[in-house]
Amino acid sequence: MATQQHDVVVAGAGPAGSSAAWWLARAGLDVLVLEKSHFPREKVCGDGLTPRGVAALSAMGVDVSATADWQRHRGLRVHGGGQVVEVDWPRLARWPSGGLIRTRADLDAQLARHAVAAGADIRFGVTVTEPLLDDAGRVCGVRTADGEEHRAALVVSAEGLSGRLAKAIGLTRRTDLPLGVAVRQYLPTPRTHDPYLDISFDLTAQGPDAASMPGYGWFFPMGDGTANVGFGLLDTRYAGEDDTRTVYRRWIASLPASWGIDPESPGTPLRGAGLPTSLSRRPAYTRGLLLVGDSAGTVNPFNGEGISYAMETARTASEVVLAALAAPAGPAREAVLRRYPERLRAEFGAHHRLGALFLKGLARPELVRFATAHGLKRPAAVSVALRLMGNLSDGRDGDAVDRALDVLHRLTPSR
């Protein structure tokens, strides 16, 4: 049985794992990434990147200028209560003013190549089975299905919702916090270059009612003759009697011809995935193991956005790892590492708490009907809601809306 030594081992090469690998390898560390799949591979996702995601890519020097690879979008087209409004992404100093679309198969493969170019070693088709523990019970590496052992000063779990390494040391997802689920498929459409992303809260012909499942449907144009079409239930605790796939099929069959979708057309199979939110696996660091992205439960509960936060938490974790490895091994290093969960709570905790309140409101059909029927008549109000839900603000340095959102976040407990 072979044993190899590295500075950091990363489990998973999705956006979180590859981003962490890029930041760490760029700083000169010996980074090994172990990925169970072979790329490119399909990944269930909406494929949409908000301005937060664009900013995270830009911070890593990823070239998003090639129009053949990236489909650009300028904002959202929101449907609800018989109303439709188009709202552009806000123009802010801190964030780009546009979003991007790209399949996860392409995006993840590019990010993995980017990490390799920075010096990371990525090995595909390697399944991590369990953590290696030292005599003190600290994670000191991983064991793989082929019997190899890879030891490291620190291990990063970017395994997604499954979080095998975290579970092995007792870190399970908190079931009292929101867990979403989404289904999607690719369907042919003539609207493949539409500059707006469609979001619909009208999931039945009569709009939200007591029998409808709280959530939203989407239509994201891919620029290749297809659209990513799906339905997201953001909190399974508020699920109705029907399952997610039934709600999706009923919704898509009710859409008018103007949407450019034929639900009977030959599309890809309908696939689903979980959406872990609210920093639901805690703590995000313990005993030599750091959790990033979905492993830590960082999906935005307002909208199900996960890619952006996967890349952002990977960068934060990498900063902590670099600072920790620069400190002497022992209590000084541990003190640095224990700051990682605190940084995540400071950055995202209040937003997730507000998102949990939003989900409670989304579960009340009469409230959704009122908010969409009246709110969508006021584009300025929708723009403010878009900033809040997308976590897009210049904070205290911004305009009156940004300053109000900053106060709201600071008044909301982050735990």
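Which helix supplies the largest share of the lining of the second largest pocket? That share, 6 residues, comes from α8. The model is a predicted one, in which local features need pLDDT of at least 70 and side-chain atom pairs count only at pLDDT 80 or more, while totals for chains, interfaces and linings use all residues. Residues are numbered from 1 along each chain as its sequence is written, and side-chain values use heavy atoms, with hydrogens and water left out.

**Second largest pocket**

- The second largest pocket has a volume of about 410 Å³, and of the 22 residues that line it, Arg94, Glu347, Asn391, Asp406 and His409 are the closest to its centre.
- A pocket is an open set of points on a 1 Å grid over the protein atoms alone, with protein on both sides within 12 Å along at least five of seven lines, and lining residues have an atom within 4 Å of a point.
- Grid points are joined across faces, edges and corners, and a volume is the space filled by probe spheres set on the points.
- At least two lining residues come from each of α8 (339-362), α10 (379-390) and α11 (400-411), where helices (H or I, at least four residues) and strands (E, at least two) are DSSP runs numbered from the N terminus.
- The lining of this pocket divides into 7 nonpolar, 6 polar and 9 charged residues, with Ala, Val, Leu, Ile, Met, Phe, Trp, Tyr, Cys and Pro counted as nonpolar, Asp, Glu, Lys and Arg as charged, and the others, Gly among them, as polar.

**Cavities**

- The structure holds 2 cavities of 30 Å³ or more, a cavity being a set of grid points where a 1.4 Å probe fits but cannot get out.
- The largest cavity contains about 70 Å³ of space and is lined by Leu279, Arg281, Arg282, Pro283, Ala284, Ala296, Pro341, Leu344 and Arg345, a lining with 6 nonpolar, no polar and 3 charged residues.
- The second largest cavity has a volume of about 30 Å³, and its lining consists of Pro214, Leu233, Leu234, Asp235, Tyr238, Leu359 and Leu362, which divide into 6 nonpolar, no polar and 1 charged.

**Sheet and helix packing**

- Strand β3 is joined by 2 bridges to the antiparallel strand β7 (residues 99-101), two strands being paired if DSSP finds at least two bridges between them, and Leu49 stands opposite Leu100 in β7.
- Helix α2 (residues 51-59) packs against helix α6 (residues 307-325) at an angle of about 40°, with their axes 8 Å apart, which makes α2 oblique to α6.
- Axes are lines fitted to C-alpha atoms, for helices over the stretch in contact, and angles run from 0 to 180 degrees between N-to-C directions; those under 35 degrees count as roughly parallel, over 145 as roughly antiparallel, 65 to 115 as roughly perpendicular and the rest as oblique.
- The crossing of α2 and α6 is left-handed, the term for a near helix turned anticlockwise from the far one by less than a right angle.

**Backbone features in loops**

- A cis peptide bond with omega of about -5° joins Phe39 and Pro40, and Pro40 lies in the loop between β2 (31-35) and β3.
- Arg282 and Pro283 are likewise joined by a cis peptide bond, with omega of about -5°, and Pro283 is placed in the loop between β16 (271-276) and β17 (285-286).
- Ser278, in the loop between β16 and β17, has a positive phi of about 65° although it is not a glycine.
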